[in-house]
Amino acid sequence: MKKKVLSVLLILALVITCFTGCGDKDTDKKKKKSENYDDVYELIGSLGDLEKGNVSVAFDFDLGSEGVVKMTMNSKRDGKGGCALGISFDADVEETKMSGDLEDLVVVKSDMAYINLAAIVDFVANVANVAAPNQVDVKEFLGDTKLGYFAIPLPDIDDSVIEKFTDNSIESFVKFLEDAFEDSKVEGEDNEFSIAFEDVDSYKTLFNAMADYLEAESDNLVKRGTSFSADDFDLDAYAKKLIDYYYDDAVELASAFGIEKAQIDAVVDQVKEMDLNAELKKAMEDPSADIPTEDELKEELESMISDVRSLADEISEEEIEDFDASCTVKYDDGGYKFKGAIEGKGEDSDKKISFTIKIDEEDCKVSAPSDITKLGDFKDIVETLAPLLNGMGDDDLDYYEY
């Protein structure tokens, strides 16, 4: 039971970040941000006005005698369609230490997505060194290949399609929080507030409010889950866009395998002659594709709501006797901070999850990376592998099939 309670409270912390910078279509209702708020709900509601800024979500998992795990997710938006996402972590669990810093892992700017290959390779090398020390050297394998960001053109998608998946309502979320914290201890004034769950009723109210919120939003959630159709995406146009962008590099890379330009051209012509949009529609309508229907999503959601309500019914004073959860919400000097802790005492050792969510309104700048790695940059690696792959027989290839 305690693990279930912990999971639900952790989800609550994550849900808050979904409403940062979601915007409010009715600009007349926007209130100028200030340093003084009537209550914590007005403070959280002001997040709906954000259109750009930085968001940092940090979790600190103290697993007692088992070790510790720290993870931070950073994102920034420039208000002009540009955004960047990064992840870092540090783990020391059961005498196994591992860390990684995937700074600006993904950058989106001017209809292009950039994947940080250098950071990914560093991470893979770190994992390989932990799993098989002195046996695997990823960087030695790469040799002189210079890694930076790999650029991927984004498809042209109409704004109305994007809105179907990103239109959050900050007002309904604030109403949920008012219901969720009704039996909790909420204190503070102006720009700093605290919320503490002190008794079993406060937890019951929280879980029932979450179930009510999911129930109220179920139609919207199901609509988002089933609203994508093949008509929303022009796969033929996107395929041609990718071909135009990667063609020269693909020809150079294929030459390392002894593949002639004429062969590449033949494949390109075949792709351009295909009706990929029709193929996509056929694939989505295929029963074997296992794409959830509206009824199936409703059933899944109803089951989730039922589980949360059951948790509210089953929780007792005994269950929360050694369990403590609280958080603070603060607005200061143009920045928001949500800080909380979820702590539980166990038979073997105490465990604690701390989280800090920072949101600032600073003017962010997101630029397209200049250190780009192209397909052609992998030519040396391919030339090294080509003799090995070309020398494989059918039996050898079958060995590598999963």
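1. In which strand does Asp104 lie? Asp104 lies in strand β4, residues 96-109. Strands here are DSSP runs of E with at least two residues, helices are DSSP runs of H or I with at least four, and both are numbered from the N terminus.

2. Basis of the model. This is a predicted model, in which local features need pLDDT of at least 70 and side-chain atom pairs count only at pLDDT 80 or more, while totals for chains, interfaces and linings use all residues. Residues are numbered from 1 along each chain as its sequence is written, and side-chain values use heavy atoms, with hydrogens and water left out.

3. The chain overall. The chain holds 15 helices and 11 strands. It has 402 residues, and 34% of them count as buried; buried means under 20% relative accessible area, exposed means over 50%, and partly exposed is in between (1.4 Å probe, protein chains only). About 24,200 Å² of the chain is accessible surface, and carbon and sulfur atoms account for 49% of that. These areas come from the Shrake-Rupley method with a 1.4 Å probe, and for residues only the protein chains shown count as cover. Of the contacts between residues at least 6 apart in sequence, 68% join residues at least 24 apart; a contact means heavy atoms within 4.5 Å.

4. Positive phi values. Most residues other than glycine have a negative phi. Asp104, which is not a glycine, has a positive phi near 45°. Its relative accessible area is 23%, so Asp104 is partly exposed. Ser110 also has a positive phi, about 50°, without being a glycine. Ser110 sits in the loop between β4 and β5 (112-116), and counts as exposed because its relative accessibility is 61%.

5. Asp78. This residue is in the loop between β2 (67-77) and β3 (83-93). Is Asp78 buried or exposed? Asp78 counts as buried, because its relative accessibility is 5%. Apart from neighbours within four places in sequence, Asp78 touches Lys52, Lys109, Cys364 and Val366. Between Asp78 and Ser367 there are 289 residues of sequence separation but 9.4 Å in space, C-alpha to C-alpha.

6. Ser184. The loop between α6 (170-180) and β7 (185-189) contains Ser184. With a relative accessible area of 12%, Ser184 is buried. Beyond its neighbours within four places in sequence, Ser184 contacts Ile195, Ala196, Phe197 and Ser202.

7. Helices α8 and α12. The axes of α8 (residues 218-226) and α12 (residues 294-314) come within 9 Å and cross at roughly 135°. That makes α8 oblique to α12. Axes are lines fitted to C-alpha atoms, for helices over the stretch in contact, and angles run from 0 to 180 degrees between N-to-C directions. Angles under 35 degrees count as roughly parallel, over 145 as roughly antiparallel, 65 to 115 as roughly perpendicular, and the rest as oblique. On the α8 side, Ser218, Leu221, Val222, Gly225 and Thr226 make the contact, and on the α12 side Glu294, Leu297, Lys298 and Leu301.

8. Helices α9 and α11. Helix α9 (residues 235-255) packs against helix α11 (residues 276-285) at about 125°, with the axes 7 Å apart. The two are therefore oblique to each other. Leu235, Asp236 and Ala239 of α9 meet Leu276, Asn277 and Leu280 of α11.
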